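Biologist: I have a structure open and would like to learn how to read a few of its features. Could we go through them together?

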Amino acid sequence: EFSSADNLIQYFQSNGFDYYCLLHSTNINSELGIYTENCYDQLGDQNIATSNAIPNFITQLNPKERKDLLEYIYSRRNIMSLGDNQHLMVAVAWVTKLEKRMFYLYPEVIFIDCTSDTNKEKRSLCTITGKNAHGKMFTILRAFLPNERAWMFRWLFSIVFPNSFEPKLIKRINYMITDGDPQEFQQLDIAAQEHFPQAVRGRCGYHLASKGFQVFGPQLGKKELKANHWKHYHAKIIIKWIYSWMKPGVNTKKQYIYSKSMLRIYLDSEDVLNDVGEEFVEKVKKFVKENIEPHQNHFLFYMRKDIRQFEEYSNSPHEGTNNGLKVGANCSLPNMLLDNASKRLSDQGTMKYEQFMAQTIKEQYKIKPWNPMKCATHLIDRAAALLYQQWEVRDRYFRCRVNENTWYLIYKEELRKPRK
């Protein structure tokens, strides 16, 4: 009788998915008996490789991480009563063919996060996602992990991810957004430094501003109580103020410093002090100083405005995607074995790809009466709208060509069409 892990690998092979398994065996010569086995489709050719082709990540771990890994492995082997001739599957990651194609189309920004309650083994599901031209999320890679410790993320980011895609594709990643888990983003930084150093890592704005204020900011109390009205009112303004640093509008360091100074003036104003009290104001100042400013290199818009990152600043779309995996008619449930859960998750990816193609074809060839540009019939709605928006403001600039490849632009006073 086949185990859930055997069925899982058989499913990946039958569908031609790229997959990676972190395995442990007591009967091989690989260091500590731990190795990575994978099956990947490189330019149409099926290949099977073990640690001879894939670097053994054990050599990258420090002694503490090695000890932690081995303790997990032998405790699991004892719990499962595995014999010396049986392999232990520590972790598994996979990429579907269709979603791999999507990554080739939209590799500039990736989102990374883990979620729970998707399988019976209580493994974390770590997903790496992107966003397509319609503004919809798609999954690039999925992985069932036994835990969210440093050595596990080391395997995922330094072994699996760079071996799953061609180097020239990974070199097109510009921006990576993560939440505040140090085990996750520290290992991502290590992998990025070696394999995609051009990529900039950002922190999720929602976790910094909204969630951070809830945890580290002043207590607001119940919103329904009249006594807490002004606390919620000013908290909303302060959080929006912090969000403004992550978005276009605060485009220079000088504007950021000025905005912070204005926030302090606002907090020290007589109206705010009368509404919420000095204790509330001091806690907000402490929150900004200790929980926002230390991470400014990873969320300020002006520091990333020169890279192609589509003004993304939050992991919220990714978390919405993870939540969608667990609700609906074809969702992954906490009582599912790994093979059934992986089928559900992969089927959802296939469905999203088909929806993307259908929407693209529909928008590309439909008539767009609102857009007089000749190229509009060959573009999706979003692209046509963005291009037409730029076309309409073309006369707001004085243009001067100074050499073959350089133009100087001077912005005119804004020209507004008179209302009828």
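Biologist: Is Phe310 buried or partly exposed?

Modeller: Let me first say what we are looking at. This is a predicted model, where local features need pLDDT of at least 70, side-chain atom pairs count only at pLDDT 80 or more, and totals for chains, interfaces and linings use all residues. Residues are numbered from 1 along each chain as its sequence is written, and side-chain values use heavy atoms, with hydrogens and water left out. As for burial, buried means under 20% relative accessible area, exposed over 50%, and partly exposed in between, with a 1.4 Å probe and protein chains only. Phe310 has a relative accessible area of 46%, so it is partly exposed.

Biologist: Where is Phe310 found, and what is its phi?

Modeller: Most residues other than glycine have a negative phi. Phe310, although not a glycine, has a positive phi of about 55 degrees. Phe310 lies in the loop between α11 and α12 (316–324); helices here are DSSP runs of H or I with at least four residues, numbered from the N terminus. Glu311 is found in the loop between α11 and α12 too, and its phi is also positive, near 60 degrees. With 47% relative accessibility, Glu311 counts as partly exposed.

Biologist: At what angle do the axes of α9 and α11 cross?

Modeller: Axes are lines fitted to C-alpha atoms, for helices over the stretch in contact, and the angles run from 0 to 180 degrees between N-to-C directions. Helix α9 (residues 253–267) and helix α11 (residues 278–292) have axes that come within 10 Å and cross at roughly 165 degrees. The two helices are therefore roughly antiparallel to each other, a label for angles over 145 degrees.

Biologist: Which residues make the contact?

Modeller: Contact means heavy atoms within 4.5 Å. From α9 come Leu263, Arg264 and Leu267, and from α11 come Val281, Val284, Lys285 and Val288. They divide into 5 nonpolar, no polar and 2 charged, where Ala, Val, Leu, Ile, Met, Phe, Trp, Tyr, Cys and Pro count as nonpolar, Asp, Glu, Lys and Arg as charged, and the others, Gly among them, as polar.

Biologist: How many disulfides does a search of the whole structure find?

Modeller: A disulfide is a pair of cysteine sulfur atoms within 2.5 Å. The search finds 0 of them. Cys204 is in no disulfide, and its nearest cysteine sulfur, that of Cys114, is 14 Å away. Cys204 counts as buried at 0% relative accessibility, and Cys21 is buried with a relative accessible area of 0%.

Methods:
Angles under 35 degrees count as roughly parallel, over 145 as roughly antiparallel, 65 to 115 as roughly perpendicular and the rest as oblique.
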